[in-house]
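Here is a short report on one protein model.

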Amino acid sequence: MELIFVHGALVRDAEWWWQPAADLLADRTGIRSRAVNLPSCGETTPEEAAGGLVADAAALRRVLDEVDSAIVVGHSYGGTVIAEAGRHPAVAHLLYVSSYLPDVGESQAVIMGGESDPVSIAANEDGTLSLAGYDASTFGARFLQDADAATQQQAWERVTAQAAGAFVTPTTAAGWQGVDSTYIVCGQDRSTSVELQRFHAGRATRSVEVPTGHHPFITRPDLVLDQVQAFIGRS
């Protein structure tokens, strides 16, 4: 069994985001974990970067091809990547953290379109999108208000532009369907509304709510890993 983490939109350095949880997971269970580098965030090659959602889903499938059995954790946009990757025989369980379980034909932009207080995103001339109007302080207050200032700054340094195709490409698969899954609703999330989280949580096999912001695998990795261990106990 291996755990594979798929991070959210508009950030890079996949392993950094998951590292607090990876360390605790190894201490608790001995399970190895890794984070998927997303081409649309510039984490692989320039040639792949413009591939958007399709390239990200292919990157996840390549990692899954290397393992026999995996728990896949999707954070935010990572859930849309999981959907587009389709059913894979190595996936034993899906764990969603403030994420999405889109139906076929739904794009990330459509999913986020109904938010009453959407995250501000602007188009760049090179075909990418970026967070707009944020600095280290306002980013921290919105996305990591339950983390210390040093962690907020480190996270801000990993914010990046992302290929627009990650947001506007409709999904062609729903890889979450027919797979055992758990959804973690982040009750103090200032990025994705609790209402939208609960809607998508309704598509998962089960859900729990935790008193955290958007990144509990950084601020409260114990709460995330409780759900990993709960699955292991059931399997």
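Which residues lie nearest the centre of the largest cavity? They are Ala9, Ser76, Phe143, Ser191 and His214, among a lining of 26 residues. The model is predicted: local features need pLDDT of at least 70, side-chain atom pairs count only at pLDDT 80 or more, and totals for chains, interfaces and linings use all residues. Residues are numbered from 1 along each chain as its sequence is written, and side-chain values use heavy atoms, without hydrogens and water.

**Cavities**

A cavity is a set of points on a 1 Å grid over the protein atoms alone, where a 1.4 Å probe fits but cannot get out; lining residues have an atom within 4 Å of a point. Volume is the space filled by probe spheres set on the points, which are joined across faces, edges and corners. There are 2 cavities of 30 Å³ or more.

| Cavity | Volume |
|---|---|
| Largest cavity | about 310 Å³ |
| Second largest cavity | about 70 Å³ |

Leu60, Val72 and Arg87 are among the residues lining the second largest cavity. Helix H3 (52-64), helix H4 (78-85) and S4 each give two or more residues to that lining. Helices (H or I, at least four residues) and strands (E, at least two) are DSSP runs, numbered from the N terminus.

**Sheet**

An open sheet holds 6 strands, in the order S2-S1-S3-S4-S8-S9, with parallel pairing. Two strands pair if DSSP finds at least two bridges between them. Strand S2 (32-35) and strand S9 (206-210) are the edges, each pairing on one side only. S8 (residues 181-186) and S9 pair over 5 bridges.

How values were computed. 1 Å grid on protein atoms, 1.4 Å probe; cavity = no way out; pocket = protein on both sides within 12 Å on 5 of 7 lines; lining within 4 Å.
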